[in-house]
Amino acid sequence: MQARKDSERMAFKSVIPSVHQRKELLYAMEKTDADWIMLKLGDVNTLPQLVGCIHQAGKKVMAHQDSIKGIARDKMGIKYMASCGVDCVITMKSQCVKYIKDAGMMAAFGIFIIDSDACRTGLENIKEHQPDVIILMPGTIPEQIINDIKSATTAPIILGGLMTTREQLASAMKIGVASVATSQLDLWIPEV
């Protein structure tokens, strides 16, 4: 039963709205059919309310550890996010993956691919820490690098950063990533 529950939690629609402002959050909750919202706003005082509103809208919360003000980027900060009901925490710190999982949340490990060393280190961290989700940034990295990382893990891959056109979104889906996280509002609503 646990494996089925985890696989249901791992499903993503093609676009995850990445919100930096309250008006974007309201739009993502009310106007999109997104199943996840990437939260990049708020602080220690507002996080419980923001998470509650997102859940009330029928969506899950993917909170970026580095973007929530006043929350330490350590084990206690992660426990606090779990107590607020966050479903998934995005971390750039590989050692936090275990803490996130131990707190009962999904762990999304973000990797900035700036050169071949970053790619190599990212692959080593993926193998060692086994995150539930991998977020590659920027989303415009070469397809070969995405394929190299996909071949090293079974975790879903999300592309984030600099994804601004429908063509980029279509290309990402074509190569088999799970989703694209973007702050580009016009990509949050699928074309009909």
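Start your tour at helix α2, whose buried residues pack against β1 (15-19), β2 (36-39) and α3 (47-56). This is a predicted model, in which local features need pLDDT of at least 70 and side-chain atom pairs count only at pLDDT 80 or more, while totals for chains, interfaces and linings use all residues. Residues are numbered from 1 along each chain as its sequence is written, and side-chain values use heavy atoms, with hydrogens and water left out.

**Stop 1: helix α2**

Select residues 22-31 and colour E24, L25, A28 and M29, the buried residues of α2. (Buried means under 20% relative accessible area and exposed over 50%, with a 1.4 Å probe and protein chains only; helices are DSSP runs of H or I with at least four residues, strands runs of E with at least two, numbered from the N terminus.) Now look down the axis: these buried residues line one face of α2, because they fall within an arc of 130°, taken from the directions from the helix axis to the C-beta atoms. Turn to the other side of α2 and you will find K23, E30 and K31 exposed.

**Stop 2: the nonpolar cores**

Next, select L39, L47, L136 and L159, which touch the most other members of the 47-residue largest nonpolar core. α3 gives the most to this core, with four residues. Apart from it lies another core, of 14 residues, including I16, W36, I135 and M137. (A nonpolar core is a set of buried Ala, Val, Leu, Ile, Met, Phe, Trp, Tyr and Cys residues joined through side-chain atoms within 4.5 Å.)

Which residues does L159 contact, leaving aside its neighbours within four places in sequence? They are L136, G139, I146, A172, V177, S179, V180 and A181, where contact means heavy atoms within 4.5 Å.

**Stop 3**

Now show K40, G160, G161, L162 and A181, which lie nearest the centre of the largest pocket among its 19 lining residues. (On a 1 Å grid over the protein atoms alone, a pocket is an open set of points where a 1.4 Å probe fits, with protein on both sides within 12 Å along at least five of seven lines; lining residues have an atom within 4 Å of a point.) β6 (133-137) and β8 (179-182) each supply at least two residues of this lining.

Finish at the second largest pocket by selecting I141, Q168, S171, A172 and I175, the nearest to its centre of 13 lining residues. Here α8 gives the most to the lining, with four residues.
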